[in-house]
Amino acid sequence: MRQRLLVAVFTLGVISALAVSVYAQETVHLPVVSVAGGSGSTGTPAATATATPTATTEPAANRPPNQPTDPAPVQAAFGQGIPILLSWTGGDPDGDSVTYDLYLAADTAAPGLLAGDLSSPDYDPGLLPPSTLFFWRVVARDEHGATTTGPLWRFSTGDRIAFHAFGAGEPDIYVMNPDGSGRTNLTNGSVWGSFPCWSPDGTKIAFTVHHDNGDYDIYVMNSDGSGRTNITNYT
């Protein structure tokens with residue numbers, strides 16, 4: 001009996017040692033379960049769950065608006081016809097809504113604010129004086145308040161004004177000198193023309209034509225009235 005008991009104890013001791021070894025390698029907290037039949041107690045390990053940390057993603061930082069580019073009139077354009085529509089390309093890399101502040105001044109490289117909080121990348125500055133050098137720039141602002149300032153651009157106005165006026169019952173497109181002299185009818189009642197606008201290089205005039213059926217089209221012609229072309233063809 002004594003010999004068998006020693007063997008049993010030795011066997012339990014080995015099992016206990018193995019259990020402790022597994023516990024040390026796995027680093028898992030295990031409870032001890034008593035085993036009857038000896039003067040002491042041994043244990044059987046039981047595994048417990050271990051929490052896994054959860055990764056978090058930081059929100060992307062806001063990027064400022066795109067720098068204004070592609071000015072019209074083009075940079076350093078000379079002798080631009082009057083009136084002039086100022087325009088540019090803007091936008092935002094994050095898709096945010098953008099507003100624009102337009103700075104314009106004559107004969108100075110430090111233009112002052114002309115119009116603010118513009119929702120579209122264009123602006124009609126009204127009838128600018130002829131034969132004048134203008135400097136301008138645009139500042140873009142996104143909905144978070146981030147801003148991007150565009151480069152300094154310049155253009156000069158020419159010495160002719162384009163306009164529409166009623167002649168023989170229908171409006172015609174005219175050009176004249178800034179002092180009102182040299183008035184010339186470019187359409188002569190052939191179309192119902194209105195709202196003329198000079199091309200950036202001052203060589204062509206775009207204008208609206210109202211047809212008898214009520215439709216409108218955009219036409220382009222040379223500054224002397226020749227080469228008239230319908231570029232929309234809605235009729």
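The model is predicted, so local features need pLDDT of at least 70 and side-chain atom pairs count only at pLDDT 80 or more, while totals for chains, interfaces and linings use all residues. Residues are numbered from 1 along each chain as its sequence is written, and side-chain values use heavy atoms, with hydrogens and water left out.

**Surroundings of Pro178**

- Pro178 sits in the loop between strand S10 (171–176) and strand S11 (184–185), where helices (H or I, at least four residues) and strands (E, at least two) are DSSP runs numbered from the N terminus.
- Apart from neighbours within four places in sequence, Pro178 is in contact with Pro130, Asp159, Arg160 and Ile161 (contact means heavy atoms within 4.5 Å).

**Salt bridges**

- The count comes to two salt bridges, each defined as a side-chain nitrogen of Lys or Arg within 4 Å of a carboxyl oxygen of Asp or Glu.
- Asp94 and Arg63 form a salt bridge at 2.8 Å, N to O.
- Because Asp94 lies in the loop between strand S3 (86–89) and strand S4 (98–106), and Arg63 in the loop between helix H1 (2–26) and strand S1 (69–72), this pair ties together parts that are 31 residues apart in sequence.
- In the salt bridge between Arg141 and Asp101, the closest N and O atoms are 3.1 Å apart.
- Arg141 lies in strand S7 (residues 133–142) and Asp101 in strand S4, so this pair ties together parts that are 40 residues apart in sequence.
- Arg141 is partly exposed at 27%, whereas Asp101 is buried at 8% relative accessibility.

Key
Buried < 20%, exposed > 50% of the residue type's maximum accessible area, 1.4 Å probe, protein only.
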